[in-house]
Amino acid sequence: MPRFYFNILSEAGSLDDLEGTELADLDAARIEAVRDARALMSSAVLLGYDIASRSVEIRNETGDILLVLPFSEAVKRVG
């Protein structure tokens with residue numbers, strides 16, 4: 001199974017995923033990114049922060065960017 005890396009991007013820089021996650025394909029990685037973004041936004045809202053301007057960058061094992069998902073889209077998407 002391929003390994004995907006989920007980096008969090010903000011105006012201040014990036015928080016890199018050094019472990020990655022093995023998933024079946026890019027669609028499964030997109031669903032995981034939506035879940036991660038929703039969980040991070042939920043936690044931030046409880047603390048009084050708005051992090052909707054951040055994004056999740058999905059990379060493959062060779063470091064290629066496969067998809068960038070803005071947190072704001074994670075609210076709208078099903079998955």
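Hi everyone, I'll talk through the core of this structure, one hairpin and the salt bridges.

Quick caveats: this is a predicted model, where local features need pLDDT of at least 70 and side-chain atom pairs count only at pLDDT 80 or more, while totals for chains, interfaces and linings use all residues. Residues are numbered from 1 along each chain as its sequence is written, and side-chain values use heavy atoms, with hydrogens and water left out.

Okay, the core. By nonpolar core I mean buried Ala, Val, Leu, Ile, Met, Phe, Trp, Tyr and Cys residues joined through side-chain atoms within 4.5 Å; buried is under 20% relative accessible area, exposed over 50%, partly exposed in between, using a 1.4 Å probe and protein chains only. The largest one here has 16 residues, and Phe-6, Val-56, Ile-58 and Phe-71 have the most contacts inside it. Helix α1 gives the most, with 6 residues.

Now the hairpin. Strands pair if DSSP finds at least two bridges between them; β4 and β5 do so in the antiparallel sense, over 5 bridges. There are 5 residues between them, and Gly-63 in the turn has a positive phi of about 95°.

Glu-57 stands opposite Val-68 in β5. Glu-57 is buried, at 9% relative accessible area, and forms a salt bridge with Arg-59, with the closest N and O atoms 2.8 Å apart. For a salt bridge, a side-chain nitrogen of Lys or Arg must be within 4 Å of a carboxyl oxygen of Asp or Glu.

How many salt bridges does that rule give? The count is 3. One of them joins Arg-3 and Glu-22, at 3.4 Å.

Note on methods
Helices (H or I, at least four residues) and strands (E, at least two) are DSSP runs, numbered from the N terminus.
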